[in-house]
Structure formats: structure tokens, C-alpha cells
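Subject: The structure you asked to look at

Hi,

Here is the structure for you to open in your viewer. Have a look around first, then read my notes below.

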Amino acid sequence: MIPVVREQLVKTLEQDWGTYVKRYRFLPENDRRRFLNAQGYTRFADLLAHFIAWWEEGMRKGKIMLEDPGFRPPEYDVDEFNARAVARFSSMDEPG
């Protein structure tokens, strides 16, 4: 496993993830649709729900790992996890 350096993480969050929505919105509509289809989603809000849910899960599990180095995360049904994430955020509007 490649070690994560704090500075690299901050840079990635600021320069890549920090501009993610802006870069998506810059795409022409047909490229947006193609991109979402390739990711397996029909709405950008659903893709963001996926990111948020996995981020939250990672933060929870990361905290547990810090407290218990022997902790092993559970196996995930990824499709089910993502479906629950999309359902959880389904009422969120998608600004134009």
C-alpha cells in the first residue's frame, strides 16, 4: 500500500475534488450524460451521494482503525451500499 502524505491529500482535495463540481458543470450536456452513464448514474446528485456515503463510511472506519489497529472492515455489498446512498439523498435538488 502506498503511504498517504498529508500534503498530497490536502492538495488532491483542494485541486481535484475541490473543483469536481465546477469541472462537471463545464462539460457540454451530452458529455455530462456520457460521463454519468459511464459511472453508472443518471443524475450528478446520485454520483455525489455515492461519494458522500463512502467518505462518511471511510471516516467512521478510519476512526475505529485508529482506536483498534486490529480492526478489519466488513465486506460490503457495494451495489446495495450505493443504492442506499442514492435513496438517502434522492430528495436533494440538482441545481442547474
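Which residue forms a salt bridge with Asp 31? The partner is Arg 34, and the closest N and O atoms of the two are 2.3 Å apart. A salt bridge here is a side-chain nitrogen of Lys or Arg within 4 Å of a carboxyl oxygen of Asp or Glu.

Before you go on, some ground rules. This is a predicted model, in which local features need pLDDT of at least 70 and side-chain atom pairs count only at pLDDT 80 or more, while totals for chains, interfaces and linings use all residues. Residues are numbered from 1 along each chain as its sequence is written, and side-chain values use heavy atoms, with hydrogens and water left out.

**Salt bridges**

Back to that pair: Asp 31 and Arg 34 both sit in helix H3, 3 residues apart, about one turn of the helix. Helices (H or I, at least four residues) and strands (E, at least two) are DSSP runs, numbered from the N terminus. An α-helix has 3.6 residues a turn, so residues three or four places apart point the same way.

Asp 31 is partly exposed at 27% relative accessibility, whereas Arg 34 is exposed at 52%. For these words, buried means under 20% relative accessible area, exposed means over 50%, and partly exposed is in between (1.4 Å probe, protein chains only).

Helix H3 also holds Glu 29 and Arg 32, again 3 residues apart. Their side chains meet in a salt bridge of 3.8 Å, N to O. Glu 29 is partly exposed, at 44% relative accessibility, but Arg 32 counts as buried, at 18%.

**Helix H5**

Now turn to helix H5, residues 78–88. Which of its residues are buried? They are Phe 81, Asn 82 and Ala 85. Looking down the axis of H5, you'd see these buried residues fall within an arc of 95°, so they line one face of the helix. (The arc is that of the directions from the helix axis to the C-beta atoms.) The buried residues of H5 pack against helix H4, residues 44–67; contact means heavy atoms within 4.5 Å. On the face turned away from the buried side you'll find the exposed residues Asp 79 and Ala 87.

What caps the N-terminal end of H5? Asp 77 does, with a side-chain oxygen 3.3 Å from the backbone nitrogen of Asp 79.

**Aromatic rings**

A search of the whole structure finds 8 aromatic pairs. Rings of Phe, Tyr and Trp (its six-membered ring) pair if their centres lie within 6.5 Å; planes under 30 degrees apart count as stacked, over 60 as edge-to-face and the rest as tilted.

One of the pairs is Tyr 24 with Phe 35, which is tilted, at 6.2 Å centre to centre and 50° between the planes. This pair links distant parts of the chain, with Tyr 24 in helix H2 (residues 20–26) and Phe 35 in helix H3 (residues 29–39), 11 residues apart. Tyr 24 is buried, at 6% relative accessible area, while Phe 35 is partly exposed, at 26%.

Then there are Tyr 76 and Phe 81: their ring centres are 5.9 Å apart and their planes at 85°, so the pair is edge-to-face. Tyr 76 is partly exposed, at 28%, and Phe 81 is buried, at 9%.

Tyr 20, Tyr 24, Phe 35, Phe 44 and Phe 51 form one aromatic cluster.

**Glu 57**

Finally, find Glu 57 in helix H4. Glu 57 counts as buried, at 9% relative accessibility. What does its side chain make a polar contact with? The side chain of Tyr 76, at 2.6 Å. A polar contact is a pair of N or O atoms within 3.5 Å; within protein, one must be able to donate a hydrogen and the other to accept it, and residues adjacent in sequence count only if both atoms are side-chain atoms. Leaving out residues up to four places away in sequence, Glu 57 touches Tyr 76 and Phe 81.

Cheers
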